[in-house]
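Hi everyone, thanks for making time for this. Let me put the structure up on the screen, and then I'll walk you through it.

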Amino acid sequence: MKLLQIVTLALVLTHSAHSFAESVDLQSSKVIWSGSKVVGDTHTGHIKIKSAVVNFDKETPLSGQVTLDMPSITNTDLTDAKWNGKLVGHLNSPDFFDTAKFKTANLKINKITKLNKDTYNLIGNLTIKSTTLPVTLKSSLVKKNDNTKVLKVDFKFDRTKYGIKYGSGNFFSNLGDKMISDEVAVSVELLINKKKK
């Protein structure tokens, strides 16, 4: 084996020895979505996290992955049960996320680089309805106490790039006040518990 190969292998093994996955508290973590008409109502709700992992090298985050349970999508702003049910049913339908067919969405972070004390740049991929596109996002990592920290990512995505074109003014005309914004806002907050030795 050439010297360069030996050195590279040693660096990989050393890096692997120091990196580890922290435990994400799925019950305390949350994902909030927000969507709106171009003129008019804004709706918000939650989506349950199916699984999540954040890989660290000591206190430095390296990579991670969050998988969402899409059929769990809820609405939190409509208090009328009938209208709430209609909206949630529509979001689950093929017009939007088609959750009977596409049960999960996935945010995979391949690389995390530090920008300043608590802010990081995330590079990865977002998968919705089997379409995967690259994303670059900003995040914050805040230490709550010696055993717990919170990784928060706020971002927006263009739903039409994932095949969700219903009510989009870029694909349909004469929508009037029924036109829906192409952008969906997402806030991900992961509560991370320090791995016990």
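**Starting from leucine 151**

Let's begin with one side chain: leucine 151 has a relative accessible area of 8%, and it counts as buried because that value is under 20%. Please keep in mind that this is a predicted model.

So where does leucine 151 sit? You'll find leucine 151 in strand E9, which covers residues 148–158. And what does leucine 151 touch, once we set aside residues up to four places away in sequence? The list is Val54, Ser139, Ser140, Leu141, Val188, Glu189, Leu190 and Ile192. Take isoleucine 192 from that list: it lies 41 residues from leucine 151 along the chain, yet their C-alpha atoms are separated by 7.4 Å.

Now let's look at the strands on either side of E9. E8 pairs with E9 in the antiparallel sense, over 5 bridges, and a hairpin of 4 residues connects the two.

Let's step back along the chain. Strand E8, residues 131–143, is joined to E7 by 10 bridges, and they run antiparallel. Asparagine 125 faces proline 134 in E8. The hairpin of E7 and E8 has 2 residues between the strands, and lysine 129 in that hairpin takes a positive phi near 50 degrees.

One more step back: E6, residues 104–114, and E7, residues 119–128, run antiparallel with 8 bridges. Their hairpin goes through 4 residues, and threonine 113 stands opposite asparagine 121 in E7.

Finally, the core. Which residues have the most contacts inside the largest nonpolar core? They are Leu68, Phe97, Leu126, Ile128, Phe155, Phe157 and Leu190, in a core of 39 residues. E10 supplies the largest share of this core, with 5 residues. As a general point, nonpolar side chains in soluble globular proteins tend to be buried together.

Leaving out residues up to four places away in sequence, it touches Leu126, Ile128, Tyr162, Asp182, Glu183, Val184 and Val186.

Conventions. Residues numbered from 1 in each chain as written. Predicted model: local features only at pLDDT ≥ 70, side-chain atom pairs only at ≥ 80, totals over all residues. Heavy atoms only, no water. Buried < 20%, exposed > 50% of the residue type's maximum accessible area, 1.4 Å probe, protein only. Contact = heavy atoms within 4.5 Å. Pairing = 2+ DSSP bridges. Core = buried A, V, L, I, M, F, W, Y, C linked by side-chain atoms within 4.5 Å.
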